[in-house]
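Subject: Structure handover

Hello,

Here is the structure for you to look over.

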Amino acid sequence: MHTNNPITFANLSKNSQLRLLDLALDPLVFGISCIPFCGIAFAMWAYSVGISTTGLLILTIFYIFAGFCIRKTQKIYKKHRATLNDELVFTKWLPIIKAISLAHGLGLTIPFLMLIGQATFEFNLLLLLAIAGIIAAFATHLTPILVAFLYLFLPCWTICLIIMPWVFPSQWPILMFLCLVYAWSMYKHALIGHQFFVKQMMLEDESATLAENYRLAKNTAEAALQAKNLFLTTASHDLRQPVHAMGFLIESIARRNVDSNLIPALNDLKLSVRSLTQMFNALLDLSKIEAGAVSLRKEAIGLQSLIEETALLFAEEAKASHLTLKIKLTHKNATVFADALLLKQSLSNLIHNALRYTKQGGVLITARKRQQTWLIEVWDTGVGIATHEQHKVYSPFFRHKHAWQIDDAGHGLGLAVVARCCTLMGAQYGLSSTLGCGSRFWLKLPAADNTHLQANSQQQKATSTPLNHHNYLLGCCLIVEDEPQVTHAWQVLLSTWGLTVKCADSLIVAMSALDKGFVPQVILCDQRLRSGESGFEVLRALLQRCPTAKGAMVSGEFNSVELMLAENEGYIVLHKPVAPELLFDLLASWLVAPLNVLNSQ
């Protein structure tokens, strides 16, 4: 911000120049207001030594009047300062300040002119010292506006020097020399003081500019964050659609499959889609959590199942790279208190990062008890990280030098996401690494009571119906959805469950189906429809037409006003991708009791 230009009064902003004007006016007002007290003191001394006091008393009265006037002037200045723009105030008041300074400087010389040839040497010398003291005080306090000080100092001291031979007939050569030295020192002192004030104002200007730049940068960053969150929120609906359809189609394929050899592959595929859904949700949830839109869901989580599930996602990747991927737990019932999705997201990123930078050997995932916490570690035999780079590893977009030698080295966001997830959960994280030997990344989370885990598991089991070939439903469902791929997935899955399904892409088409005699027991409506209709309004209109039907909203959005209104009014909102198990449970609670085909046979 600093430049090579000299620091001058003209370089300052008008606001800074006005602040210096404020600093100059206050001592001027005070100085003029104090002169009457000096005048009274000199008048009393003059009277005691037999000198005429008329002139001194008249001058004292004049300065008393001037003191009232200068204070009135100061009030007017402050009023203008508050109401007028800086440029106008400075242009108007700088000449006034200079005029007041000039008048005050000339007023200080009047006693000398009145008492030439009348006062004693001691009286005149004390008067000269008093004037010098007043000038010295102004040299300190009036120098914010150097020209104002010069308007006071130069006329006053010049007149004092001119009349010196008449005031001090015998001693004037010595006093003249001393007064010239004094004048030079006062000027230099005033100049230094002025430069100090100007530099101070310039530093304040720079600080204000930096603060404003910071504010603008902060606003820009916040706007970018809001834009990013808005983009993720808006795009999440379209991004979730294929994952939503994929889950439904895989479930319908598994239901219709008659080849027992395909069952393990289909189960792995279902698990992968479920994990993809969880990871996808966690990634998009980060933007919502950063924006304060949702609260963390911290609960007791079993480490063994979570670690095994997460490691399974990377088993094929490790096998394809000829690497070993092992799990070692010191306690089978290890339980931590954390957010399940964020923890799984963090662990996935750590495993993925370890496999990416490991060319031979393998990756080991461990969990060990450390007092009241569990230490989760991901060890690898990869390239390692130099000591001087380790503090940057969790920073966004950081990639150490070995990353450039790897084709799929990512963009340096994986570990940054880990850091953000851990910060949100209140977990500790870190690493230790040796260049060329491998790395150890770790997470530390508070231990949870196993009874909470058991209670959660029992509750989950009590509210979840396992899907298999023996579960069927009876009834009719009306689906309002405008995405052909998703519509097809709805039809295939619900038909597989034994339901009669009608799909519509707008309220008009749905009403047409009702007019033709279709009577649904369940109505499921997507919130965002291409027709521009509000899904919630469509659902309410259909439920009004079919008062005995049950209804729910289905959407890939989270912070929609309509969805919040629907939840507030007691409607169920299903967020895409919808897990088939949860959908089956909901439909089973609304429709005729599930029909077990095998039992009916």
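Below is what was found, topic by topic.

**Confidence**

This is a predicted model. The mean pLDDT of the chain is 81. A score of at least 70 is reached by 84% of the residues. Two stretches call for care. Residues 1-5 have a pLDDT below 50. Beyond near neighbours in sequence, that stretch makes four contacts in the model. Residues 595-601 also fall below 50. There the model shows eight contacts beyond near neighbours in sequence. Where pLDDT is low, the predicted coordinates should not be read in detail.

**Aromatic pairs**

The structure contains 13 aromatic pairs. One of them joins Trp 45 and Phe 123, with 5.0 Å between the ring centres. How exposed is each partner? Trp 45 is partly exposed, at 28% relative accessible area. Phe 123 is buried, at 1%.

Another pair is Phe 62 with Tyr 63. Their ring centres are 5.9 Å apart. Their planes stand at 85°, so this pair is edge-to-face. Tyr 63 is buried, with 4% relative accessible area.

Together with Phe 42 they form one aromatic cluster.

There is also a charge over a ring. The charged end of Lys 444 sits over the ring of Trp 442, at 5.9 Å from the ring centre.

**Salt bridges**

How many salt bridges are there? The count is twelve.

Start with Glu 377, which takes part in two bridges described here. One is with Arg 368, at 2.6 Å from N to O. Another is with Arg 440, at 2.5 Å from N to O. The bridge to Arg 440 links distant parts of the chain. Glu 377 is in strand E5 (residues 373-380), Arg 440 is in strand E7 (residues 438-446), and 63 residues separate them. Arg 368 is partly exposed, at 29%.

Next, Arg 215 and Glu 212. Their side chains meet in a salt bridge of 2.5 Å, N to O. Both residues lie in helix H7 (residues 172-256). They are three residues apart, so about one helical turn separates them. Arg 215 is partly exposed, at 40% relative accessibility. Glu 212 is partly exposed as well, at 34%.

A network of salt bridges also turned up. It links Arg 19, Glu 204 and Asp 205.

**A buried threonine in a loop**

Thr 358 lies in the loop between helix H11 (340-356) and strand E4 (362-370). Its relative accessible area is 3%, so Thr 358 is buried. What does its side chain meet? A polar atom of that side chain is 2.6 Å from the backbone oxygen of Ala 354. Setting aside neighbours within four places in sequence, Thr 358 touches Leu 323, Val 363, Asp 380, Thr 381 and Gly 382.

**Positive phi**

Most residues other than glycine have a negative phi. Two residues are worth checking against that. His 322 is not a glycine, yet its phi is positive, at about 60°. His 322 sits in the loop between helix H10 (315-320) and strand E2 (324-329). It is exposed, with 71% relative accessible area.

Gln 371 is likewise not a glycine, and its phi is positive, at about 55°. Gln 371 is placed in the loop between E4 and E5. It is exposed too, with 73% relative accessible area.

Best wishes

Notes: Residues numbered from 1 in each chain as written. Predicted model: local features only at pLDDT ≥ 70, side-chain atom pairs only at ≥ 80, totals over all residues. Heavy atoms only, no water. Phe/Tyr/Trp six-rings, centres within 6.5 Å; stacked < 30°, edge-to-face > 60°. Buried < 20%, exposed > 50% of the residue type's maximum accessible area, 1.4 Å probe, protein only. Lys NZ or Arg CZ within 6 Å of the ring centre and 35° of its normal. Helix = DSSP H or I, 4+ residues; strand = E, 2+ residues; numbered from the N terminus. Polar contact = N/O pair within 3.5 Å; in protein donor to acceptor, adjacent residues only side chain to side chain. Contact = heavy atoms within 4.5 Å. pLDDT = per-residue confidence, 0-100. Salt bridge = Lys/Arg side-chain N within 4 Å of Asp/Glu carboxyl O.
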